[in-house]
Amino acid sequence: MEEEQQPNNEYDAPSETISFNDRIKALKQNIIDKYTYCTTGVWRDSRTTWKVETVKIINLSVRSFLDRDLQSQACAMAFRTILALVPALALLLAIGRGFGFQELLKEQLYSYFPSQREILGEAFNFVDSYLNQASEGIFVGVGILFLLWTLISLLMSAEDTFNTIWNVHGRTLMRKMTDYIAILLVLPILMICSAGLTLLMSNTLQHIIHVDSLRPAIDWLLDLGSLVFTALFFSGAYMLIPNTKVKYKNAFIIGLIVAVAFQLLQWLFVTGQLYVTRYNAIYGSFSFLPLFLIWLQLVWLITLIGALLCYALQNVGFYNFFIDSKDISTAYYRKVVLGVMTVISKRFYADMPALTAGELSKQYSFPMSLVNTIIPILHSAGLISFLKPTGDTDDCPIQPALDVSTLTCGEVLKKVQNVGSANFIPEFDENFKEPNELCDEITTEMVDMADNVKIISFNIQL
């Protein structure tokens, strides 16, 4: 009988197993690494894959949400909406009356608030009385002005909140007059179409189609049409309200997402209305108020979150390396300035198309935050000029403002360092004479040495 083969301890011994504590440490380290990447490291990742872009958008949205305190903004907007509720409802019903949709709008509101038909009836009577007073007798001008001012005040508050999200300044008075009129005409029509489409088409199709098997498909198409109009409403709000150019693609994508969230919130609100009907015997009509206020605040919250997502989707590239750019050293900043000016000069000298600031950032991996800081400085120094925008963008292509065949690096550095205010500290030259003279000597030597190097002599990949 053959002897049983014994394992060779040197080669066949089982590998040493990893202890449980080591596994826990490795798991903790992995979680820490993932968290560090998602919070800060992702901005140093120049890849443009959808996973990286998604992490950046979520990172920027969460960071902006916490910095801008949108929860408090939503509360404030809900309060202002309550003040403008009657004029807004009057405007919707007035426009709906012009389109022949007034009764459909009322039925839609009754369907949204099934347990509050009595309150809505009183509200509609109040709105009708408001419209009658605003269109008769001495109240014609005052009533219309009060209605418009209430709605314009709400729009001004909404614009201020949207502009805060987009980090832009508000409109001028003339722009507000023209843009607000357009907003008050476009958005209510989209809202009316969204609210009245389902009821109008449902009543129409019921008389045309009598096949019960097609009813679910028709209802689905009607719901889809209402969703599309709601998405167009939010897309229009994200494009028209902030005082900046918002790309339609970004506005529609976010508008569609917010429309789905709004429809879901609407369903929860209607369901909640049906649920609280059993408490009406105890609390009466007061049971409607807290639920309505919560719903209104949540509507504004998802609207502002949508504006935040739209901003993040359009400006996510601006924040690449923003942590490092914020703490950039003077020496490295000088290098980046020369790099940007070199690209602009050599492309012009080689008769290549001029690039915009965004194209410079994307093609040469310059952080957009740095480019947006450097370009105005180069322009103020008289080193670059802007061409007229081409295509459907407002970004201006950039070209040199000087003869690049003779432009030296010393001239670039000298012009750039002299941009901005100087010599404004009283008696600084007298009190700090020696440090001042030393800095001037160092600057002069640096500029003299750089004057021997032409800006187009650098060998870079274009």
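**Helices and Buried Residues in a Predicted Model**

Biologist: In which helix does Ser-345 lie?

Modeller: The model discussed here is predicted. Ser-345 belongs to a helix that covers residues 330-349. The name of that helix is α14.

Biologist: Is Ser-345 buried or exposed?

Modeller: A residue counts as buried when its relative accessible area is under 20%. The relative accessibility of Ser-345 is 0%, so this residue is buried.

Biologist: With which residues is Ser-345 in contact, leaving aside its neighbours within four places in sequence?

Modeller: Neighbours within four places in sequence are set aside here. The contacts of Ser-345 are then Pro-400, Val-404, Leu-407, Ile-455 and Ile-456.

Biologist: How are α14 and α15 oriented to each other?

Modeller: Helix α15 covers residues 357-364, and its axis comes within 12 Å of the axis of α14. The two axes cross at roughly 100°. Angles of 65 to 115 degrees count as roughly perpendicular. The orientation of α14 to α15 is therefore roughly perpendicular.

Biologist: How do the residues of the contact of α14 with α15 divide into nonpolar, polar and charged?

Modeller: Helix α14 contributes Val-343, Ile-344 and Arg-347 to this contact. Helix α15 contributes Leu-360, Gln-363 and Tyr-364. The division is 4 nonpolar, 1 polar and 1 charged.

Biologist: Which residues are in contact with Pro-367, leaving aside its neighbours within four places in sequence?

Modeller: Pro-367 is found in the loop between α15 and α16. Its relative accessible area is 13%, which means that Pro-367 is buried. With neighbours within four places in sequence left aside, its contacts are Asn-320, Phe-321, Ser-325 and Ser-361.

Biologist: How far apart in space are Pro-367 and Trp-43, C-alpha to C-alpha?

Modeller: In sequence, Pro-367 and Trp-43 are 324 residues apart. In space, their C-alpha to C-alpha distance is 9.8 Å.

Biologist: How are α1 and α2 oriented to each other?

Modeller: Helix α1 covers residues 20-39 and helix α2 covers residues 50-68. Their axes come within 9 Å and cross at roughly 75°. The orientation of α1 and α2 is therefore roughly perpendicular.

Biologist: Which residues of α2 make the contact with α1?

Modeller: On the side of α1, the contact is made by Tyr-37, Cys-38 and Thr-39. On the side of α2, it is made by Val-52, Val-55, Asn-59 and Arg-63.

Biologist: Which side chain is joined to that of Asp-45 by a polar contact of 2.7 Å?

Modeller: Asp-45 lies in the loop between α1 and α2, and its relative accessible area of 11% means that Asp-45 is buried. Leaving aside neighbours within four places in sequence, Asp-45 is in contact with Tyr-37, Val-52 and Lys-56. The side chain joined to Asp-45 by the polar contact of 2.7 Å is that of Tyr-37.

Biologist: What is the distance in space, C-alpha to C-alpha, from Asp-45 to Phe-321?

Modeller: These two residues are 276 residues apart in sequence. From C-alpha to C-alpha, the distance between Asp-45 and Phe-321 is 8.4 Å.

Biologist: What percentage of the residues in the chain is buried?

Modeller: The chain has 19 helices and 2 strands. Among its 462 residues, the buried share is 36%.

Biologist: What is the mean pLDDT of the chain?

Modeller: The pLDDT gives the predictor's confidence in each residue. A value of 70 or more is reached by 71% of the residues, and the mean pLDDT of the chain is 78.

Biologist: How many contacts does the stretch of residues 10-15 have in the model, beyond near neighbours in sequence?

Modeller: Over residues 10-15 the pLDDT is below 50. Beyond near neighbours in sequence, the number of contacts of this stretch is 2.

How values were computed: Residues are numbered from 1 along each chain as its sequence is written. This is a predicted model: local features need pLDDT of at least 70, side-chain atom pairs count only at pLDDT 80 or more; totals for chains, interfaces and linings use all residues. Side-chain values use heavy atoms; hydrogens and water are left out. Axes are lines fitted to C-alpha atoms, for helices over the stretch in contact, and angles run from 0 to 180 degrees between N-to-C directions. Helices (H or I, at least four residues) and strands (E, at least two) are DSSP runs, numbered from the N terminus. Angles under 35 degrees count as roughly parallel, over 145 as roughly antiparallel, 65 to 115 as roughly perpendicular and the rest as oblique. Contact means heavy atoms within 4.5 Å. Buried means under 20% relative accessible area, exposed over 50%, partly exposed in between (1.4 Å probe, protein chains only). A polar contact is a pair of N or O atoms within 3.5 Å; within protein, one must be able to donate a hydrogen and the other to accept it, and residues adjacent in sequence count only if both atoms are side-chain atoms. pLDDT is the predictor's confidence in each residue, from 0 to 100. Ala, Val, Leu, Ile, Met, Phe, Trp, Tyr, Cys and Pro count as nonpolar, Asp, Glu, Lys and Arg as charged, and the others, Gly among them, as polar.
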